[in-house]
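Visitor: I have a model open here. Can you walk me through it?
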Amino acid sequence: MRYEDCGELAFISFANPLKPGAAPQLEQIFDRFYKEDSSRSLRSSGLGLSIVRSLMEKMEGRAEAVLVDGQFSIRVGFRKAGGRQVEEDNSRLP
């Protein structure tokens, strides 16, 4: 896991080494029902990364897939508050 501060976005990256022979299609990795390994059909619906991208877009962030030196990484970028004040709702506290 890694953190990067990139201007208006703060990125968190999660990386795993690829299995020998694995070749994920990065341009499809966030598509609904995409699975790199079809033999995993009993354990995976192929929806997880599609949901990640959808949620990040709703939060004005980003989700990216990166493949470098045999490492597969997912980067999620959260928009920083930028000095906006967030009001707390303490009405339900005792």
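Visitor: Which pattern does the protein follow along the sequence?
Guide: The order is β-β-α-β-β. That comes to one helix and four strands. Helices (H or I, at least four residues) and strands (E, at least two) are DSSP runs, numbered from the N terminus.

Visitor: What are the ground rules for the numbers?
Guide: This is a predicted model, where local features need pLDDT of at least 70 and side-chain atom pairs count only at pLDDT 80 or more, while totals for chains, interfaces and linings use all residues. Residues are numbered from 1 along each chain as its sequence is written, and side-chain values use heavy atoms, with hydrogens and water left out.

Visitor: What share of the residues is buried?
Guide: Of the 94 residues, 22% are buried. Buried means under 20% relative accessible area, exposed over 50%, partly exposed in between (1.4 Å probe, protein chains only).

Visitor: Switching to strands. How many bridges join β1 to β2?
Guide: Five, and the two strands run antiparallel. Strands pair if DSSP finds at least two bridges between them. Arg 2 stands opposite Ser 13 in β2. The hairpin of β1 and β2 has two residues between the strands, and Gly 7 takes a positive phi near 70° there.

Visitor: Why does β1 lie largely in the open?
Guide: Because zero of its five residues, 2-6, are buried.

Visitor: Now Phe 11. Buried or exposed?
Guide: Phe 11 is buried, since its relative accessibility is 4%. Phe 11 sits in strand β2, residues 9-17.

Visitor: What does Phe 11 touch beyond its neighbours within four places in sequence?
Guide: Its contacts include Tyr 3, Cys 6, Arg 62 and Val 76. Contact means heavy atoms within 4.5 Å. Gly 77 is also in contact with Phe 11. Their C-alpha atoms are 4.1 Å apart, although 66 residues separate them along the chain.

Visitor: Where is Arg 75?
Guide: In strand β4, residues 71-79. Arg 75 counts as buried because its relative accessible area is 16%.

Visitor: Which side chains make polar contacts with the side chain of Arg 75?
Guide: Glu 64 does, at 2.6 Å. Glu 4 does too, at 3.3 Å. A polar contact is a pair of N or O atoms within 3.5 Å; within protein, one must be able to donate a hydrogen and the other to accept it, and residues adjacent in sequence count only if both atoms are side-chain atoms.
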